[in-house]
Amino acid sequence: MNRVYNFSSGPSVLPLKVLERAQAEFLDYGNSGMSVMEMSHRSPGFDEIICAAEQLLRELMGIPDNYRVLFLQGGASTQFAAIPLNFLTGSKKAQFVLTGLWAKKAHAESAKYGDCEVVASSADKTFSYIPAVGPDMVKPDSDYFYICHNNTIYGTTWHTLPETGDVPLFADVSSSILSERMDVSRFGLLFAGAQKNMGPAGLTVVIVRDDLLGHKMDICPTMLDYKLQADNRSLYNTPPTYSIYICRLVLEWLKSIGGIEAIEQTNRKKAALLYDYLDSSKLFRGTVAEQDRSIMNIPFVTGDEELDRTFVSGAKAAGLVNLAGHRTVGGMRASIYNAMPVEGVEALIQFMYKFEKEYHK
Ligand code: PLP
């Protein structure tokens, strides 16, 4: 078997133990004589899988009882539209902080349905920092206040959440869910595409406070109606059954290694190793304001685009793959999600060290 160290931003590396278990159970799940992929979503066998996935997620994240957990389809991008259709229905005003491409896309989608103010933006410095947001900037009549918690492309994170008072805080946690402790009760809604820390692409998890549901727009498509999905336990139509099964295996794996507290420690260690190296390097440098650095996505450059390309292809040949930065920013980016072992980061640093020795004049 030839497994590489995969630094992809998503879909990204899954724990090897999860893949091996899925492989072992692929043809005959739990003596059912069939693959999970072949099971009815209304069968007791699948019911056990989706209930276990929800229970594990609740336990790992400490999700309070007054929050609903939805397993949906369509990726995080579909939620950019579902959010206004479900919640931009009171004052029809919402507020956004633009910290990168995904926040911009969410804002553009929401703005089709109501008055969506941009409170602050870090576009002036290529989204390399998180702008300051004081409580005085939050309008008390906003239906919600929206942030992208971890900016996958630019490598920034909200280490301190904005204080939004009674205005529900909504956050895209696609690239940070399960990577560090989060106080769910600080949010009205959290959502994540599964393809980074949870499982296969397409599956999307929404965690929403109960009392916010039930006020959708009349034009809201049935499939995007969060209350209907909640009332049907995410089984209104055929859900992405196999992806939910893999998600359950990922959550079981996370629990088995000590849960979020343990993985956060490992994630901080991995990120510190790479940032320390970047800070001491004479060839490479990180591109993000120090206080806003992500522990999941770490962009860096040499300052010479040609050399960046040489690095990415040399790293690939050494079994360190998917290190090119997002097509809109260039340079390099190492995504070091939960399933990336410390050894993977160490191997990357070793390669960078050798590259620096060879190319730094
Ligand atoms: N939000 C964030 C923070 C992301 O990183 C991504 C994709 O990488 C998306 C949203 C879009 O997710 P999807 O492709 O599932 O729509």
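These legends describe close-up views of a predicted model.

**View 1**
The domain assignment divides the chain into domain 1, residues 17-256, and domain 2, residues 259-359. Taken over C-alpha atoms, the centres of domain 1 and domain 2 are 27 Å apart. The contact is made by 25 residues from domain 1 and 23 residues from domain 2. On the side of domain 1 that touches domain 2, at least two residues each come from α2 (44-61), β7 (156-157) and α6 (241-256). Sorted by class, the residues on this side of domain 1 are 9 nonpolar, 12 polar and 4 charged.

**View 2. Methionine 61 in helix α2.**
Methionine 61 is part of helix α2. Is methionine 61 buried or exposed? A residue is called buried if 20 or more other C-beta atoms lie within 10 Å of its own. Methionine 61 has 23 such neighbours inside 10 Å, so it counts as buried. Apart from neighbours within four places in sequence, methionine 61 is in contact with Met182, Val184 and Ile260. Methionine 61 and isoleucine 260 are 199 residues apart along the chain, while their C-alpha atoms are separated by 7.4 Å.

**View 3. Helix α8 and its two sides.**
Helix α8 covers residues 305-317, which makes 13 residues. At 1.5 Å a residue the helix should span 18 Å, and the C-alpha atoms at its ends are 19 Å apart, which agrees. Asp308, Phe311 and Ala315 are buried in α8. Viewed down the axis of α8, the buried residues fall within an arc of 60°, so they line one face of the helix. An α-helix has 3.6 residues a turn, so residues three or four places apart point the same way. The buried residues of α8 pack against β12 (297-301), β13 (320-321), β14 (332-335) and α9 (342-359). Glu306, Ser313 and Ala317, on the other side of α8, are exposed. After α8 comes glycine 319, with a positive phi near 85°.

**View 4. The shell around the ligand.**
Which residues are found around the ligand? They are Gly10, Gly75, Ala76, Ser77, Trp102, Cys148, Thr152, Asp172, Ser174, Ser175 and Gly193. Helix α3 (residues 75-87) gives the largest share of this shell, with 3 residues. By class, the shell holds 3 nonpolar, 7 polar and 1 charged residues.

**View 5. A cis peptide bond at proline 11.**
Most peptide bonds are trans. The bond that joins glycine 10 and proline 11 is cis, with omega about -5°. Proline 11 sits in the loop between β1 (5-6) and α1. Glycine 10 is also one of the residues around the ligand.

**View 6. Two residues with positive phi.**
Most residues other than glycine have a negative phi. Phenylalanine 127 is not a glycine, and its phi is positive, near 55°. Phenylalanine 127 is in the loop between β4 (115-121) and β5 (144-148). With 27 other C-beta atoms within 10 Å, phenylalanine 127 is buried. Asparagine 322 is not a glycine either, and its phi is positive at about 65°. Asparagine 322 is placed in the loop between β13 and β14. It has 19 C-beta neighbours inside 10 Å and therefore counts as partly exposed.

**View 7. Arginine 268 in helix α7.**
Helix α7 (residues 259-280) contains arginine 268. Arginine 268 has 13 C-beta neighbours inside 10 Å, so it counts as partly exposed. From C-alpha to C-alpha, arginine 268 and isoleucine 295 are 6.3 Å apart in space, and in sequence they are 27 residues apart.

**View 8. Methionine 34 in a loop.**
The loop between α1 (16-25) and α2 holds methionine 34. Methionine 34 has 14 other C-beta atoms within 10 Å and is therefore partly exposed. Leaving aside neighbours within four places in sequence, its contacts are Tyr29 and Met39. Methionine 34 and glutamine 95 are 61 residues apart along the chain, and 48 Å separate their C-alpha atoms.

Notes
Residues numbered from 1 in each chain as written. Predicted model: local features only at pLDDT ≥ 70, side-chain atom pairs only at ≥ 80, totals over all residues. Domains from an automatic or database assignment. Contact = placed C-beta atoms within 7 Å. Helix = DSSP H or I, 4+ residues; strand = E, 2+ residues; numbered from the N terminus. Nonpolar A, V, L, I, M, F, W, Y, C, P; charged D, E, K, R; others polar. Expected span 1.5 Å × (residues − 1). Buried ≥ 20, exposed ≤ 12 C-beta atoms within 10 Å, placed from the backbone. Arc of directions from axis to C-beta. Near = placed C-beta within 6 Å.
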